[in-house]
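Here are my notes on the model, point by point. Please read them with the structure open.

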Amino acid sequence: MGMSVTISAATEQDAEQIFRLQYLCFQSEAALYANYRIDPLVQTLDSVREEVAADCVFVARLGDEVVGSVRGRVTEDGAASIGKLCVHPRLQGHGIGARLLRAAESALVEERGARRFRLHTGHRSEGNLRLYRRVGYERVGTAEGADGVPMIVLEKPAQTYATTA
């Protein structure tokens, strides 16, 4: 390829690329559930801009192109909620998702005091589940997404992020 993918904190200027990337990446998730109203596909650009401004958001870049992103925020119970992890389909399977997760986990602990990490994925999303298990997440329950999709909830203690980095 000639260029390497870099991971960095997202800026306000990245919001539109994140928005477009998210729409592209979550098409396959929507197809798994025959539900094209899942949150990443109906989220507005303004909402993405608000998340970039307020949350812990990282992007993967290939040159000037945003090819991956992840978001996290610390909830009232001290858990870091991580979500909307996505990597451009042409670059999946090269460890970019795991690198994005590590960057978010590190910042959420060091900058925002997270004590554990929590994320969720659709019950049919085997690729996502494999990644999350590989980096130390364990199933702690189930939930139903606002869009009606059955979700698996996974967590891991914050102190484990250093061992999976």
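1. Helix H4 first. Its buried residues are covered by elements that include H1, E2, E3 and E4. Contact means heavy atoms within 4.5 Å. Helices (H or I, at least four residues) and strands (E, at least two) are DSSP runs, numbered from the N terminus. The buried residues in H4 are Val48, Glu51 and Val52. They fall within an arc of 100 degrees seen down the axis of H4, so they line one face of the helix. The arc is taken over the directions from the helix axis to the C-beta atoms. Asp46, Glu50 and Ala53 are exposed, on the face of H4 turned away from its buried side. Buried is under 20% relative accessible area, exposed is over 50%, and partly exposed is in between (1.4 Å probe, protein chains only).

2. Basis of these notes. This is a predicted model, in which local features need pLDDT of at least 70, side-chain atom pairs count only at pLDDT 80 or more, and totals for chains, interfaces and linings use all residues. Residues are numbered from 1 along each chain as its sequence is written, and side-chain values use heavy atoms, with hydrogens and water left out.

3. Record. UniProt lists residues 5-159 for "domain: N-acetyltransferase", in an unreviewed entry. UniProt positions are in the numbering used here, feature names are shortened, and annotations may be inferred rather than shown by experiment. Across residues 5-159, the chain is 36% helix and 34% strand.

4. Helix H1. In this helix (residues 15-25), Ala15, Ile18, Leu21, Gln22 and Cys25 are buried. Down the axis of H1 these residues fall within an arc of 125 degrees, so they line one face of the helix. An α-helix has 3.6 residues a turn, so residues three or four places apart point the same way. The cover over the buried residues of H1 includes helices H2 (27-33), H3 (39-42) and H4 (45-54). It also includes strands E2 (56-62), E3 (65-74) and E4 (79-87).

5. Helix H5. It spans residues 96-110, 15 residues in total. From first C-alpha to last, H5 reaches 21 Å, close to the 21 Å expected at 1.5 Å a residue. The expected span is 1.5 Å times one less than the number of residues. Eleven of the 15 residues of H5 are buried, so the helix is largely enclosed by the rest of the structure. Among them are Ile96, Leu100, Leu101, Glu105 and Leu108.

6. Strand E7. Six of the eight residues of E7 (residues 150-157) are buried, so this strand is largely enclosed by the rest of the structure. E5 (residues 116-122) runs antiparallel to E7, joined by seven bridges. E6 (residues 138-144) is also antiparallel to E7, with six bridges. Two strands pair if DSSP finds at least two bridges between them. Leu154 in E7 is the bridge partner of Leu119, and Leu154 is likewise the bridge partner of Arg139. The hairpin of E6 and E7 has five residues between the strands, and Gly148 there takes a positive phi near 90 degrees.

7. Most residues other than glycine have a negative phi, and most peptide bonds are trans. Please check two residues. Ala34 has a phi near 50 degrees and sits in the loop between H2 and H3. Ala34 is exposed, at 67% relative accessible area. Lys84 has a phi near 55 degrees and lies in strand E4. Lys84 counts as buried, at 17% relative accessibility.

8. Aromatics. How many aromatic pairs does the structure hold? One. Tyr132 and Tyr137 are edge-to-face, 6.1 Å centre to centre with 65 degrees between the planes. Rings of Phe, Tyr and Trp (its six-membered ring) pair if their centres lie within 6.5 Å; planes under 30 degrees apart count as stacked, over 60 as edge-to-face and the rest as tilted. Both Tyr132 and Tyr137 are buried.

9. Ser125. Its place is the loop between E5 and helix H6 (126-134). Ser125 is buried, with a relative accessible area of 2%. Beyond its neighbours within four places in sequence, Ser125 is in contact with Glu29, Leu32 and Tyr33.
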